[in-house]
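Hello,

Here is the structure I promised to pass on. Please look it over, then read my notes below.

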Amino acid sequence: NDDIIGTIKLDDGGLKTSKNYMSASIIDPQNNFESRSVTYFNSNYLKQDRGIQKKGNVALTGITNYYNARMNVEQALKKSRYGLQVSFTMSPKGMLLTAGSIIELTYPRFNFSSKEFRILNINFKKDGTVDITAREHDDSIYDITEETSSASIKGTDVEPATAPAVA
């Protein structure tokens with residue numbers, strides 16, 4: 001934080017970007033190349049949202065496998081829960097950073113203590129300072145939930161052998 005010049009601007013995606021139900025549509029060769037709906041719902045997120053269902057839709061271009069689509073939809077749902085974005089100016093030390101890198105930010109004003117952010121954009125300025133834009137990050141969005149046999153594939157008579165459980 002000693003390298004940050006000035007203040008940190010915080011943008012919170014808030015309720016608009018936070019979802020508890022996510023869906024996508026894929027073209028499935030197992031279903032004669034017809035469209036197949038893939039959904040993922042998290043009851044814990046619904047409880048956190050006080051019972052208000054917040055649906056989202058994600059585009060899965062190029063994915064034709066139900067289980068790969070299911071993992072991507074789950075990841076998109078988890079990612080929607082981490083919507084904080086920060087912007088700040090750094091000393092020339094910021095030139096050592098790269099987009100995509102994970103940084104830790106400690107900032108008592110926002111109650112951050114080693115909070116992880118992924119750098120989205122770096123802008124090198126003529127005066128040697130660096131503007132950074134980063135989004136909240138948590139490795140748990142990449143965790144795959146254990147599968148159960150309770151979900152069916154919408155729009156078909158197919159019952160998959162296993163499908164991810166609701167966390």
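The side chain of Ser-80 makes a polar contact with the backbone oxygen of Leu-77, at 2.7 Å. This is a predicted model, so please read every value here as computed from it. Ser-80 belongs to helix α3. Is Ser-80 buried or exposed? Ser-80 is buried, because its relative accessibility is 7% and the cut-off for buried is under 20%. Leaving out residues up to four places away in sequence, Ser-80 touches Thr-17, Ser-18, Lys-19 and Met-22.

Next, the sheet. Three strands make up an open sheet, and their order is β3-β2-β4. The pairing is mixed. Which strands stand at the edges? They are β3 (34–41) and β4 (55–57). Each has a single partner strand, so one side of each is left without a neighbour in the sheet. From one strand to the next, the twist averages 25°.

Strand β2 covers residues 21–28. β2 and β3 run antiparallel, joined by 8 bridges. Asp-28 has Glu-34 in β3 as its bridge partner. Helix α3 (residues 66–80) packs on this sheet and touches β2 and β3. The direction of α3 makes about 40° with that of β3. Ser-80, described above, is part of this helix.

Now the aromatics. How many aromatic pairs does the structure hold? There are 5. One of them joins Phe-110 and Phe-112. Their rings lie 5.7 Å apart, centre to centre, with 50° between the planes. That pair is tilted, because the angle falls between the limits of 30 and 60 degrees. Phe-112 is buried, with a relative accessible area of 8%. Phe-110 is partly exposed, at 22%. The cut-off explains the two labels: buried means under 20%. Both residues belong to one aromatic cluster, together with Tyr-107 and Phe-117.

Which ring does the charged end of Lys-55 sit over? It is the ring of Tyr-21, with 5.0 Å to the ring centre. Arg-81 lies over the face of Tyr-45, and here the distance to the ring centre is 4.4 Å.

When you open the model, I would start with Ser-80 and its contact to Leu-77. Then turn to the sheet with α3 packed on it. Leave the cluster of Tyr-107, Phe-110, Phe-112 and Phe-117 for the end.

Best wishes

Notes: Residues are numbered from 1 along each chain as its sequence is written. This is a predicted model: local features need pLDDT of at least 70, side-chain atom pairs count only at pLDDT 80 or more; totals for chains, interfaces and linings use all residues. Side-chain values use heavy atoms; hydrogens and water are left out. Two strands pair if DSSP finds at least two bridges between them. Helices (H or I, at least four residues) and strands (E, at least two) are DSSP runs, numbered from the N terminus. Axes are lines fitted to C-alpha atoms, for helices over the stretch in contact, and angles run from 0 to 180 degrees between N-to-C directions. Contact means heavy atoms within 4.5 Å. Buried means under 20% relative accessible area, exposed over 50%, partly exposed in between (1.4 Å probe, protein chains only). A polar contact is a pair of N or O atoms within 3.5 Å; within protein, one must be able to donate a hydrogen and the other to accept it, and residues adjacent in sequence count only if both atoms are side-chain atoms. Rings of Phe, Tyr and Trp (its six-membered ring) pair if their centres lie within 6.5 Å; planes under 30 degrees apart count as stacked, over 60 as edge-to-face and the rest as tilted. A charge sits over a ring if NZ of Lys or CZ of Arg is within 6 Å of the ring centre and within 35 degrees of the ring normal.
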